[in-house]
Amino acid sequence: MNYLMTDEQKELQAMVREFVVKELTPVSMECDKKGEFPSAVWKKAVEMGLHILSVPEEHGGSGLNTETYVILNEEIARGDAGFAVSLGACHLATWPALLGGTKEQIHLYYDTLVTGKMMAFCLTEAEAGSDASACRTTAKKVGDEYIIDGAKCFITNGGLAELYTVFAVTDKEAGTRGISAFIVERNRPGVSIGKEEDKMGIRLSNTTEVIFQNVKIPAANLIGKEGQGYKLALMTLDRTRAIGSSSAIGIAQAAIDLSLAYAKERVTFGKPLSKNQAIQFMLADMEIQTQAARLLVRNSARLMDQGIINGRMSAAAKTFAGDNAVKVALDAIQIFGGYGYSREYPVEKLLRDAKIYQIFEGTNQIQRMIVSGHLLRV
């Protein structure tokens, strides 16, 4: 489906699809088994500029708009969602600086990314998941420095990043208005990597604890003003939820592709599965719901390209796309039958990868709270 795509978008989509087929798909299953980030594929992605698709041209990037980015991100996730998440997390880390940082800070993030180095967004803690306001990591100002102490968990790219965007409490009495955002370089004394998560899915994505022990950073590494961190985090997620959800569309599309091929080839009771109306209706529902999810995500992207940040639409897109990815992956396993339950075939991996899209960047229950909150304020 072309969705009125421009010629440039079609060409870029074809280019990324070729990269996925040649470079990513062949290593995806093995890296999934090992829980290993494909460094060689990352290097090739960097050579192609896939890590800087949305970085402005004046900063060395491709300068693509949000709609084009989600089209290409869907293609990458169609090959492997974990790899797409690793790419996306780098952009996630830049958003607080783009929204509240100085020109020098923005240059630092873009320069880091353009050179192929990875970044991470450090918000989640053991007691502060969906409730990010429960942050316990502290940043104490001493002279012209801040001293950061605490630990973050479930951090995408945590063990690979060279630059971290860290949220920490600067005023314990101020609640969410006491949380601030900081730039912390990996090579700062006191920064260390804790446990690497042995995850159910998106296993190509590196996910770790990041620990900060008496880490001293210059006051210039504060993003915005003290107390603006929580606001910057929420503003960031309003902009990234729909973008990240394009990966869930990629998972669903991969499930449809595999199910169609299998239903045409698999013969039972003397005829292909695809001749069975029960299977036809399953495939139809998988397609209908995925098309609807894709349109929600792309509409959110178009709104962003018009300068319209709609938290309700972003939350709706994230929820629908995540729920759909899980449902379509489950249906794919059902169509494959016993083979779908075997790790010899790829569809069980799609289900494991899909589940996280109902959890991270705010669970889908939290997204429903956001949507209803917007409705009740109207």
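Which residue in β5 is the bridge partner of Phe167? I looked this up in the model, which is a predicted one, and found that the partner of Phe167 in β5 is Ala181.

**Entry on the strands.** I then followed the pairing of β4 and β5 (residues 179-185), and I noted that these strands run in the antiparallel sense over seven bridges. With strand β1 (residues 118-122), in contrast, β4 pairs in the parallel sense over five bridges, and here I found Tyr164 of β4 as the bridge partner of Ala120. I also checked how covered β4 (residues 161-169) is, and eight of its nine residues turned out to be buried.

**Entry on helix α3.** I looked at α3 (residues 66-79), whose 14 residues reach 20 Å from the first C-alpha to the last, close to the 20 Å expected at 1.5 Å a residue.

**Entry on aromatic rings.** I found 10 aromatic pairs in the structure. One of them is formed by Phe37 and Phe83, which are stacked with 6.1 Å from centre to centre and 15° between the planes. This pair links distant parts of the chain, since Phe37 lies in the loop between α1 (7-34) and α2 (39-48) while Phe83 belongs to helix α4 (residues 81-100), 46 residues apart. Both Phe37 and Phe83 are buried.

I next compared the rings of Tyr339 and Tyr345, whose centres are 5.1 Å apart and whose planes meet at 50°, so I noted this pair as tilted. Tyr339 counts as partly exposed at 41% relative accessibility, and Tyr345 counts as partly exposed at 23%. Together with Tyr262 and Phe336, Tyr339 and Tyr345 form one aromatic cluster.

Note on methods
Residues are numbered from 1 along each chain as its sequence is written. This is a predicted model: local features need pLDDT of at least 70, side-chain atom pairs count only at pLDDT 80 or more; totals for chains, interfaces and linings use all residues. Side-chain values use heavy atoms; hydrogens and water are left out. Buried means under 20% relative accessible area, exposed over 50%, partly exposed in between (1.4 Å probe, protein chains only). Helices (H or I, at least four residues) and strands (E, at least two) are DSSP runs, numbered from the N terminus. Two strands pair if DSSP finds at least two bridges between them. The expected span of a helix is 1.5 Å times one less than its number of residues. Rings of Phe, Tyr and Trp (its six-membered ring) pair if their centres lie within 6.5 Å; planes under 30 degrees apart count as stacked, over 60 as edge-to-face and the rest as tilted.
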